[in-house]
Amino acid sequence: MQFQQLRYFATVADVRHFTRAAEALHVAQPSLSQQIRALERELGAELFHRARGNITLTDAGEALLPLARRILADTETARREVQEVAQLRRGRVRLGAPPSLCASLVPDVLRTYHARFPGIELHVEEGGSQDLVRRLADGGLDLALVITPLGAAAPALATAELLREDLVVVSAPSGPPPVRRRRMRVEELRDRPLVMFRRGYDLREITVAACRAAGFEPSFTVEGGEMDAVLGFVRAGLGLAVVPGMVAARSGLCVTPFEGDRMRRTVAIAHRKDAVPPRAARELRRVLLEHPEATGG
């Protein structure tokens, strides 16, 4: 019994017509009929009642059909599984992430992933959450790390919380800390010179919103920089900056936490709801959720 014979049999059983089945299978009708006859001889029973314009299953055909469909389905599953294993030896994953995470979490995660799957090419795109959401929606990314909540206008995405991270104030190590206490309040940023990220940075939006909620507009000495530039401006003594705790821990700058939990962000892993990510991307998602900093799943 051959796999091809079972596929031919199931197709004829579905359409109840030899010529239409042959067209669907892209084979010649005589070839299809010969294969069905060969299957019947091997099984020792006719599978179809053949009458002009009326093809029906015999009792033997009725008994074989569910078994044939199961075999065909299992074969297709096996094919997909083998392909997915092959995908983990070669292929690519396209990950989007905010620059702050590219400077902290992402390198550690990609190192772990590359050690497990060295044949996978890793493409990383930096951007703010709204830009990354658009790239997910248009198929330009497989996965993205985004700051939630995304807002009502976001397309249909599947998200899983990855981590909750405190935001802190960094200042030049050569100067005095911004306050004498170990922690400071958002209100104490009033009239302090701030080094601010360019527009489109989630950190910019979070910081400005927190200052306005505290009743004041922040004052910028320098604005428009990327993460490395902002840390460099702070190191040069040009002002304070609000950055994620993981970035601050690696910066070599003076770090002052905020009081309470008002200054915190939630990072999630996102992908399109209407498309299952490829196996290589699903494995990267698993590595992200296994990271020591991860809190969700």
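Colleague: Which residues line the second largest cavity?

Modeller: This is a predicted model, and in it the second largest cavity is lined by L194, V195, M196, F197, T207, L240, A241 and V242. The elements that give two or more residues to that lining are β7 (193-197) and β9 (241-244). The largest contribution, four residues, is from β7.

Colleague: What classes of residue make up the lining of the second largest cavity?

Modeller: Seven of its residues are nonpolar, one is polar and none is charged. The volume of the second largest cavity is about 40 Å³.

Colleague: Why can empty space be located in a set of atoms at all?

Modeller: A probe the size of a water molecule is rolled over the atoms, and this shows where space is left empty. In this structure there are two cavities of 30 Å³ or more.

Colleague: Which residues line the largest cavity?

Modeller: The lining consists of P98, P99, S100, G128, G200, Y201, D202, L203 and R265. Both α5 (99-102) and α8 supply at least two residues each. By class, four residues of this lining are nonpolar, three are polar and two are charged. The space in the largest cavity is about 40 Å³.

Colleague: What makes F197 and Y201 a stacked aromatic pair?

Modeller: The ring centres of F197 and Y201 are 4.8 Å apart, with 10 degrees between the planes.

Colleague: How many aromatic pairs does a search of the whole structure find?

Modeller: The search finds four aromatic pairs. One of them is formed by F18 and F48, with ring centres 5.8 Å apart and planes at 75 degrees. An angle over 60 degrees counts as edge-to-face, so the pair of F18 and F48 takes that name.

Colleague: Where in the chain do F18 and F48 lie?

Modeller: F18 is in helix α2 (residues 18-25) and F48 is in strand β1 (residues 48-51). They are 30 residues apart, and the pair links distant parts of the chain. Both F18 and F48 are buried. Together with F9, they form one aromatic cluster.

Colleague: Which residues lie nearest the centre of the largest pocket?

Modeller: S129, Q130, I147, D202 and E205 lie nearest the centre, out of 13 lining residues. Two or more lining residues come from each of α7 (129-137), β5 (143-148) and α8 (202-213). The largest share, four residues, belongs to α7. The lining has four nonpolar, five polar and four charged residues, and about 230 Å³ of space lies in the pocket.

Colleague: Why is H291 called buried?

Modeller: H291 has a relative accessible area of 14%. That value is under 20%, so H291 is buried. The residue is found in the segment after α11 (279-290). Leaving aside neighbours within four places in sequence, H291 is in contact with L105, D108 and V109.

Colleague: Why does R16 count as partly exposed, and D191 as exposed?

Modeller: R16 has a relative accessibility of 35%. This lies between 20% and 50%, so R16 counts as partly exposed. D191 has 67%, which is over 50%, and D191 therefore counts as exposed.

Colleague: What is the phi of R16, and what is that of D191?

Modeller: Phi is about 55 degrees for R16, a positive value although R16 is not a glycine. For D191, also a residue other than glycine, phi is near 65 degrees. R16 is in the loop between α1 (3-15) and α2, and D191 is in the loop between β6 and β7.

Colleague: Which peptide bond is cis?

Modeller: The bond from T148 to P149 is cis, its omega being near 0 degrees. P149 is located in the loop between β5 and β6 (157-171).

Conventions
Residues are numbered from 1 along each chain as its sequence is written. This is a predicted model: local features need pLDDT of at least 70, side-chain atom pairs count only at pLDDT 80 or more; totals for chains, interfaces and linings use all residues. Side-chain values use heavy atoms; hydrogens and water are left out. Rings of Phe, Tyr and Trp (its six-membered ring) pair if their centres lie within 6.5 Å; planes under 30 degrees apart count as stacked, over 60 as edge-to-face and the rest as tilted. Buried means under 20% relative accessible area, exposed over 50%, partly exposed in between (1.4 Å probe, protein chains only). On a 1 Å grid over the protein atoms alone, a cavity is a set of points where a 1.4 Å probe fits but cannot get out, and a pocket is an open set with protein on both sides within 12 Å along at least five of seven lines; lining residues have an atom within 4 Å of a point. Grid points are joined across faces, edges and corners, and a volume is the space filled by probe spheres set on the points. Ala, Val, Leu, Ile, Met, Phe, Trp, Tyr, Cys and Pro count as nonpolar, Asp, Glu, Lys and Arg as charged, and the others, Gly among them, as polar. Contact means heavy atoms within 4.5 Å.
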